[in-house]
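Please look over the sequence and the structure shown here before reading the report that follows.

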Amino acid sequence: LLAVLVPLFEPDIAAVVARGGLKSFRGILEAPHFFIPHDVLVPGVFQGGDIPDLIAALGTTPHRYDDTIDGQNRPASEPSKVKAAEWFASQRPKK
């Protein structure tokens with residue numbers, strides 16, 4: 001989650017790669033129990049938006065958010081087939 005937040009405040013970030021994070025905070029509310037660390041919960045998060053909203057706010061900053069989990073700590077997306085280093089290399093401007 002921190003990897004997604006930092007570029008919103010630091011304009012010199014070239015790209016964002018996050019792996020294994022929570023897909024959305026709303027996913028926590030889909031079942032009576034959740035299985036994520038309590039330090040992931042941000043007070044007042046629903047007032048400011050959800051994780052997809054934060055990712056959308058990155059705008060033109062190249063970003064990847066792979067191998068996400070749901071509120072029950074289950075895979076919420078297909079595993080990424082492209083390694084992060086290869087992806088980042090493909091995002092760099094050609095000289």
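## Burial and the basis of the model

A residue counts as buried when its relative accessible area is under 20%, as exposed when that value is over 50%, and as partly exposed in between. The structure is a predicted model, and the values in this report are to be read with that in mind.

## Two loop residues with positive phi

Most residues other than glycine have a negative phi. D67, although it is not a glycine, has a positive phi of about 50 degrees, and this residue lies in the loop between β2 (63-66) and α4 (84-91). Because its relative accessibility is 18%, D67 counts as buried.

N73 is likewise found in the loop between β2 and α4, and N73, which is not a glycine either, has a positive phi of about 65 degrees. With a relative accessibility of 46%, however, N73 counts as partly exposed.

## The largest pocket

The largest pocket holds about 220 Å³ of space and is lined by 16 residues, among which L1, G20, G21, L22 and V40 lie nearest its centre. Two elements, α1 (2-5) and β1 (16-19), each give two or more residues to this lining.

Sorted by class, the lining of the largest pocket consists of 12 nonpolar, 2 polar and 2 charged residues.

## A nonpolar patch on the surface

On the surface, L2, V6 and I13 form a nonpolar patch, and together these residues have about 240 Å² of accessible area. One of them, L2, is found in helix α1, and L2 is exposed, since its relative accessible area is 62%.

Technical notes
Residues are numbered from 1 along each chain as its sequence is written. This is a predicted model: local features need pLDDT of at least 70, side-chain atom pairs count only at pLDDT 80 or more; totals for chains, interfaces and linings use all residues. Side-chain values use heavy atoms; hydrogens and water are left out. On a 1 Å grid over the protein atoms alone, a cavity is a set of points where a 1.4 Å probe fits but cannot get out, and a pocket is an open set with protein on both sides within 12 Å along at least five of seven lines; lining residues have an atom within 4 Å of a point. Grid points are joined across faces, edges and corners, and a volume is the space filled by probe spheres set on the points. Helices (H or I, at least four residues) and strands (E, at least two) are DSSP runs, numbered from the N terminus. Ala, Val, Leu, Ile, Met, Phe, Trp, Tyr, Cys and Pro count as nonpolar, Asp, Glu, Lys and Arg as charged, and the others, Gly among them, as polar. Patches are made of residues with over 30% relative accessible area and no salt bridge: like charges are joined within 9 Å, nonpolar side chains (Val, Leu, Ile, Met, Phe, Trp, Tyr) within 5 Å. Accessible areas come from the Shrake-Rupley method with a 1.4 Å probe; for residues, only the protein chains shown count as cover. A salt bridge is a side-chain nitrogen of Lys or Arg within 4 Å of a carboxyl oxygen of Asp or Glu. Buried means under 20% relative accessible area, exposed over 50%, partly exposed in between (1.4 Å probe, protein chains only).
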